[in-house]
Amino acid sequence: MYRSITRNIEVSVEPFYLDDRSDPSESHYVWAYRVTIANHSDEHVQLISRYWHITDGTGRVEEVRGAGVVGEQPALDPGDSFQYTSGCPLATPSGIMVGRYTMRSRSGETFEVDIPAFSLDLPNAARTVN
């Protein structure tokens, strides 16, 4: 499990390899990742957008931006949490993802929350985050 906290908003990520959706003979590897966003702050916040920086095992970078997550822009009161699962295909057997969420407070202030860097590695492979 990978974890970061920004302004008392905790983001935890648990990646896992999807063997049944991967085809190594075709250089197609797929991971899912479960994200939990927990609001430990004293303010109501809403997730507005996401940004992902994905690097595969050869150093190729893909950037992904979009509104919300999995079609939602969840609002979190103090003490609330939101969990979702998404996926990432790569052409290599390893990679690294890192990113950030743009959040908005009830007062209209926008701020960024870090998504911790996490490794996408085949099962039983050494995990490294550089």
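The legends below describe close-up views of a predicted model.

**View 1. The largest nonpolar core of the predicted model.** This core comprises 28 residues, and those with the most contacts inside it are Tyr-33, Trp-52, Tyr-84 and Tyr-101. Two or more residues are contributed to the core by each of strand 2 (9-17), strand 3 (29-39), strand 4 (45-56), strand 7 (81-90), strand 8 (94-105) and strand 9 (110-121).

**View 2. Ser-22 in the loop between strand 2 and strand 3.** Ser-22 lies in this loop, and it counts as buried because its relative accessibility is 13%, which falls under the 20% limit. Its side chain makes a polar contact with the side chain of Tyr-17 at 3.3 Å. With neighbours within four places in sequence left aside, Ser-22 is in contact with Tyr-17, His-28, Tyr-29 and Val-30.

**View 3. A salt-bridge network of Arg-7, Glu-43 and Glu-109.** These three residues are linked in a network of salt bridges. The side chains of Arg-7 and Glu-43 meet at 3.2 Å, N to O, and this pair joins distant parts of the chain, with Arg-7 in the loop between strand 1 (2-6) and strand 2 and Glu-43 in the loop between strand 3 and strand 4, 36 residues apart. The side chains of Glu-109 and Arg-7 meet at 2.9 Å, N to O, and here the partners are 102 residues apart, Glu-109 being placed in the loop between strand 8 and strand 9. Arg-7 is partly exposed at 37% relative accessibility, as are Glu-43 at 27% and Glu-109 at 36%.

**View 4. The salt bridge between Asp-56 and Arg-60.** The count for the model comes to six salt bridges, and one of them is formed by the side chains of Asp-56 and Arg-60, at 3.6 Å from N to O. Asp-56 is buried, with a relative accessible area of 7%, whereas Arg-60 is partly exposed, with a relative accessible area of 48%. Side chains of opposite charge can pair when their charged atoms come close.

Conventions
Residues are numbered from 1 along each chain as its sequence is written. This is a predicted model: local features need pLDDT of at least 70, side-chain atom pairs count only at pLDDT 80 or more; totals for chains, interfaces and linings use all residues. Side-chain values use heavy atoms; hydrogens and water are left out. A nonpolar core is a set of buried Ala, Val, Leu, Ile, Met, Phe, Trp, Tyr and Cys residues joined through side-chain atoms within 4.5 Å. Buried means under 20% relative accessible area, exposed over 50%, partly exposed in between (1.4 Å probe, protein chains only). Helices (H or I, at least four residues) and strands (E, at least two) are DSSP runs, numbered from the N terminus. A polar contact is a pair of N or O atoms within 3.5 Å; within protein, one must be able to donate a hydrogen and the other to accept it, and residues adjacent in sequence count only if both atoms are side-chain atoms. Contact means heavy atoms within 4.5 Å. A salt bridge is a side-chain nitrogen of Lys or Arg within 4 Å of a carboxyl oxygen of Asp or Glu.
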